[in-house]
Amino acid sequence: MRERIHIKRGIRWKLLTTMIGLIVGLLLTFTFLQISTQKDILEKELERRIYLMKKNLVEQGALLSDNLARQTEEGIASFNFSHVTEIIKKTVSDHKELSYIILMDSSCVAYTHTLQSELQQEKLIADEDTFAAVQEKAVINEYEKGGNQFMEMIVPLNVGTGKWGALRLGFSLDVLHKEIELSNKEIRKKIQDIIIRSVITAVLFIIIGAVVVYMISTKLSRPLIRLTESARLLAKGDFAISANIKVNSRDEVGMLAESFTEMAENLKTSYEKLEEYSRTLEQKVEERTSELREANEKLKELDKIKSDFLSTVSHELRTPLTSVIGFTKIIKKRFEEIIVPQIKTEDGKTLKAMRQIGENVGIIISEGERLTSLINDVLDLSKIEAGKVEWKMEPLLMSDIIAQATAATHSLFEQKGLKLIKYVEDNLPVINGDKYRLMQVVINLISNAVKFTDEGIVTCAVRKTGNGVTVSVIDTGRGIAPSDHVNVFEKFKQVGDTLTDKPSGTGLGLPICKQIIAHHGGRIWVESEPGKGSTFSFTIPIMTTAGTGQIRSDIPANQAQDYTTAPARPSVKHRKERSCGGR
């Protein structure tokens, strides 16, 4: 209910606030302009009146000072100071706007002082007194004294051929200031009247505008509120609500209502189709799931048959192959020890035939041993996948495994003239593993490094990293393209040119290594770029002793992560592109 009330008042509230704000803004602007204009007019009028009052006062003072100065000069020339004093006093009494008259000589001694009679025959020392004494022509001086402001007409007095003193007529500016204050009050009152009228007008406009806007907003919002309520019900799945929408207007709101009604009908149709499709889809999903389950069971069965077949065939092939290799070695030994020494001939064809026989027998033995190695790889992978391998897990030191693996591959380095560098950290922690299987992994990685490195060095590094021991075999061979990093650990996958660079082997060496490392709870990966060599690394978790005294691995074998690639490190060299065959 609260939601509906909020929706109903939304448009009305927005329209009311917008229109009232607009009215208030316009009235404030209009009032400001009117007050500013009226204030400028009144201030200009006040300035004009002040100017005229000052002008009138100056003209009156100039006329009065000229007449009085001539009479004063005549009295001074005849030394009739009493007559001059009477004239000055009478002038002050006749002109109310005249505040005082001072008659003083050039040394600032006052002969007549109507404002302060006690200063007569005294020397005046105020700033305005000294200012008046030095004037050579008639001037006007405005100053403030005792909180009152005066405008003084200063007229120099000349008797004979020289300056005698000055006649000073002082006019009070209080009347003028009172007039200014009255004018300012009048201006403020008029501005207040304007503000009051503007406020009253604003209130009337706001009331009238609010009523008008409320009526308009009610008329506009009523159909929109209906549409909003219908949309809310439509969102809840009530598709029949479209039949209750009735908007008679032909404006944008009416078009919106028609579009909404059409949309509701289309949604109703689509929803019915969707429900029907959902019912059929569930049935189809169930059927497909059943088919996939059956197909998965068949694939598992086929994979088991494949593994059993490979294992059986490998066993069946290895038995006669062992006999073939054994008898071939006996034939070669008898041929070299018995037959060859008995044949003494200089016939070139006979010697050539004997040499070819020896070479062919050697090829048979070599290829037979290679075939035996391939069969053994297939058997190892089949056993590991079938879970038939017997793991002999025991505490080990990786340094011992590295020492035996490098000793077993020593002849490979001598045959190709490569250099082996070993780096084994001191005080390596103990690991838990199958010594034979881990040595098989190291030998495989070293053999691959030698096989695919024509010149340079092969480095075998062992170090502690985090909670594990990491072994890295680094070569300076041809390298592997980044796109083939994942393939080198896949079964029967080989990278390289299948016509010109086809490697020997079945591509099971590295997959076997991957399975062995995964069983130990570790991970194996490759870092390589073409032309920069390769680094094959694997990590085995270190051992810890549990509270019962049993040795356990930090990472259980069933929780091992299978990583076949890792970000390249700047300190690791890389190998050129190679095949993973025979690994």
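## Exercises on a predicted model

Ring pairs link Phe81, Tyr111 and Trp164 into a cluster. The model is predicted, so local features need pLDDT of at least 70 and side-chain atom pairs count only at pLDDT 80 or more, while totals for chains, interfaces and linings use all residues. Residues are numbered from 1 along each chain as its sequence is written, and side-chain values use heavy atoms, without hydrogens and water.

**Exercise 1.** Classify the ring pair of Phe81 and Trp164, and state which elements hold the two residues.

*Solution.* 
1. Rings of Phe, Tyr and Trp (its six-membered ring) pair if their centres lie within 6.5 Å; planes under 30 degrees apart are stacked, over 60 edge-to-face, and the rest tilted.
2. A search of the whole structure finds five aromatic pairs.
3. In the pair of Phe81 and Trp164, the centres are 6.2 Å apart and the planes stand at 35 degrees, so the pair is tilted.
4. Phe81 belongs to helix α2 and Trp164 to strand β5 (residues 162-172), so the pair ties together parts 83 residues apart in sequence. Helices (H or I, at least four residues) and strands (E, at least two) are DSSP runs, numbered from the N terminus.

**Exercise 2.** Which residues of α2 are buried, and where around the axis do they lie?

*Solution.* 
1. Helix α2 (residues 81-94) has 14 residues.
2. Its buried residues are Val84, Thr85, Ile87, Ile88, Thr91 and Val92.
3. These cover an arc of only 160 degrees around the axis, which puts them on the same side of α2. The arc is that of the directions from the helix axis to the C-beta atoms.
4. The face turned away from the buried side carries the exposed residues Glu86, Lys90 and Ser93.

**Exercise 3.** How many disulfides does the structure hold?

*Solution.* 
1. A disulfide is a pair of cysteine sulfur atoms within 2.5 Å.
2. The structure holds zero disulfides.

Terms used:
Expected span 1.5 Å × (residues − 1). Buried < 20%, exposed > 50% of the residue type's maximum accessible area, 1.4 Å probe, protein only.
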